[in-house]
Amino acid sequence: MGESTAQRNRSIASGTGDSDREFEVRFSPFVRHVRVGAGTSLLVAARRAGVGIQSVCGGTGSCSLCVVELEPETGLIAPAEEREDLDSVGAGPNARLACRVLVDRDLNVSVPVRSFMASQRLHLEAFESAVEVEPAVTVRVVSLPEPDGQGEGNGVAAVRRGICMALADPNIEVPPGVVAGIGALPAGNGDQVRVVLKGRSVVSVARPGSALLGLAVDVGTTKLAGYLVDLETGKTLAAAGLMNPQIAFGEDVMARIAYAMRSPQDARELRRVVVDRINHLVRKMCRTVRVSSRDIVDVVAVGNTAMHHILLGLPVEQLGRAPYLAVETDALDVNASDIGLEVEPGVWLHALPNVAGFVGADHVAFLLATLDIHADGVVLGLDVGTNTEITLRTPDGMLCCSCASGPVFEGAHIRDGMRASKGAIERLRIEESGQVEYQTVGGGAPVGLCGSGVLDVVAQLRARGIISASGAFRDHAGVAQGSRGKAFLIAPRQVTAHGEQVLFTAEDVGQVQLAKAAIRAGTEILLEDAGLKDSDIGHVVLAGTFGTYLDPASAVSIGMFPDLPMSRFQQVGNAAGAGARAALVSVRARERAAEIAEADTYVELMTHSRFADIFTESLLLG
Amino acid sequence: MASQALATLSGAVKDGDYKQAVAIVNDELAAGTEGLVILNEGLVPGIEALGAAFRDGQAYLPEVLLAARAMNKAVEVLTPHLPKGEAHRLPTVVVGTVSGDMHDIGKNLVRMMLDCAGFKVVDLGVDVAPQAFVDAAKEHNASIVALSALLTTTMINMPEVVTALKDAGVTASVMVGGAPLSRSFAEEIGAAGFAEDCLAAVDEAKRLAGI
């Protein structure tokens, strides 16, 4: 039943609509238009017009990525549930999800930058469809033998014996919780049941034809992402994201570790809140695509090493002090309900391997999804976040490191920084005249700057000579002397949404210098250790939210990334999620993840003899 | 002429242009200018000017790090030309980053600023065990032991050092610093001094040394 709903939802997104009535859809800022039949979704229309709009959920309305803006007079207002999703991503009043709008008139559609699928974007969909579906669980449809007449009826022991007999294997393990669930099924008498196995352990027993679902979770320090996947087709049915509630216990990984170190109760509390939120995420996704969480038969989890350890209940103290050791770097399989996930009692959770204390399973998942796309040559993969993990793949092997880039590109530690929500300046240009042009999330009046905007400001200030290479402000009409140092006026209070100035201060410039120097120094040290130079890099793969939205040209111009042609940069979005989904549907992908984690050699920057010198040199802004 | 070049040298240090700074030091040495004059009239005014800008919120950490690099590279060239002992007439400070913590950028800035101010500095490096602080403080008859930590998870190793020093009968004053620290934390663990940044560290060290 769940499957048919999902299929129905998919058919909406791929629906061709009536062919007898056609309407014209125009997409700006692209000069593209297309005629489509009534009932065609805007997402499909966009694809036909050659306009790339982001979407990972297959048009089921659950990923909230395909935001577009309609003209207010169109009157196609989002229903309440969609409005809630739009609000959660900071979309403006005229926004809709492209997959949710069915064309029934001529439309002018404006596509915000955040929804662009840039031309250089790596199409992970292609990677995902290439993953051969071969789940870690096996499915057997069998007839349970009739009760053996020894007075046990359909009791636990009889069921256990029945399954062993039906599978012709006396050593099948049937966990007690699984047997308890069988009581709800029709009685034996030759009725067929579907037994899902992980190795020789029974995961679930259900009616034949029940959906076979998998759950992939990416536990980030800031955000949680969940994916519900059909394990028979490998298709993602739903995707959803929520904030990590552990933020209340500390913004960064170190603060969480410090909290967990206070007492075993506190460590358990950290785990409990995140598991609760994952359960919430699962319920939300199941509701969206009308499936039952009882049909989830396998789980894959990724996260940075600290999030991984907290989720699995492993000790974290040693992650808080040099040499920052992971307790476990191998892949782990644990019972999912043991850690508190609301899934059937026989379900297992597979945690992908970690590389080191600050290069975790999320980075392995990112590499799994992106590394093999480029068969040859040198690939530099960066997952830019509060900690930026970098892997350099060369023909001779792989090196990785973790850089303390800090939260500036998430909008923190910046005077007018903010997350990428409504009113955040996401793109900015300073004209030669000193005039500032910008674009905000949602298109309305500005409130502050999100990460990609912060990067653009520094690049543009430097390009216009308003700041020196060492980061000092020079005399310029846009620069004012404040009580605490100089600042550049981005938006006067007359034009902002909150009636306050949006400024970029000398201190903000310094924060960006520290972050970008950390990232560049990490890159340079990996290159030096591999005996390579910048120009040897064939592809730079950028992941993470900021990595996906940033303008690579800005990053290159301030020396954050090596000076390479733009065609070598690729922005991949949440590749860790794609890797986790691959590991969910494919045992081969799990094996590949283990190979990657094994091969990726960790380089500690803090104790590297060249770090201080390269870091200091990298502070200069191009 | 010389004073003009030394003013340019100050500017080069302040702007973090180490190549220019080193070039001027070499030129001045070749021209016969005394090492101590180059230090006191060229390099030190440069780093002090940046320090003042830093204190006023006109310069930030990256500029300080770049200036520190220029200063260090210039001093490296200059050191063989300086009279021994002349530059360090203030008491001895033992500095180090506490155990479990490998961060040394902040600690190195403090070392350099104390050094410029005339303190004799003994740098124990990073990930320093409590006993190593005790041994160094005794060996060098230190007046001050300065502890650094960058992480919330390692600053909790500071009280152990305070206790170890006390138990060993070391009378040197302890001062602490690092991003997650505060004066109240310093008071809580029984450290006599606290500094917000590398400039405040010089003032605090002078206060503790009674200068």
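I counted two strands as paired if DSSP finds at least two bridges between them, with strands (E, at least two residues) and helices (H or I, at least four) being DSSP runs numbered from the N terminus. This is a predicted model, in which local features need pLDDT of at least 70 and side-chain atom pairs count only at pLDDT 80 or more, while totals for chains, interfaces and linings use all residues. Residues are numbered from 1 along each chain as its sequence is written, and chains are lettered from A and ligands numbered from 1 in the order in which they are written.

Chain A, one sheet. I looked up where A:Ala491 stands and found it opposite A:Val502 in β23(A); β22 (residues 485-491) pairs with β23(A) in the antiparallel sense over four bridges. Both strands belong to an open, antiparallel sheet of three strands in chain A, ordered β21-β22-β23. Its edge strands are β21 (479-482) and β23 (502-505), each of which pairs on one side only.

Chain B, overall build. I found nine helices and five strands, which run α-α-α-α-β-α-β-α-β-α-β-α-β-α from the N terminus on. The radius of gyration of chain B (over C-alpha atoms) is 18 Å, close to the 17 Å that the globule rule (2.2 Å times the number of residues to the power 0.38) gives for 211 residues, so chain B is as compact as a globular protein of that length. Along the principal axes, the C-alpha atoms of chain B fill a box of roughly 55 × 35 × 30 Å.

Chain B, contacts. Of the contacts (C-beta atoms, placed from the backbone, within 7 Å) in chain B with a separation of 6 or more, 74% are accounted for by residues 24 or more positions apart.

Technical notes: Two residues are in contact if their C-beta atoms, placed from the backbone, lie within 7 Å.
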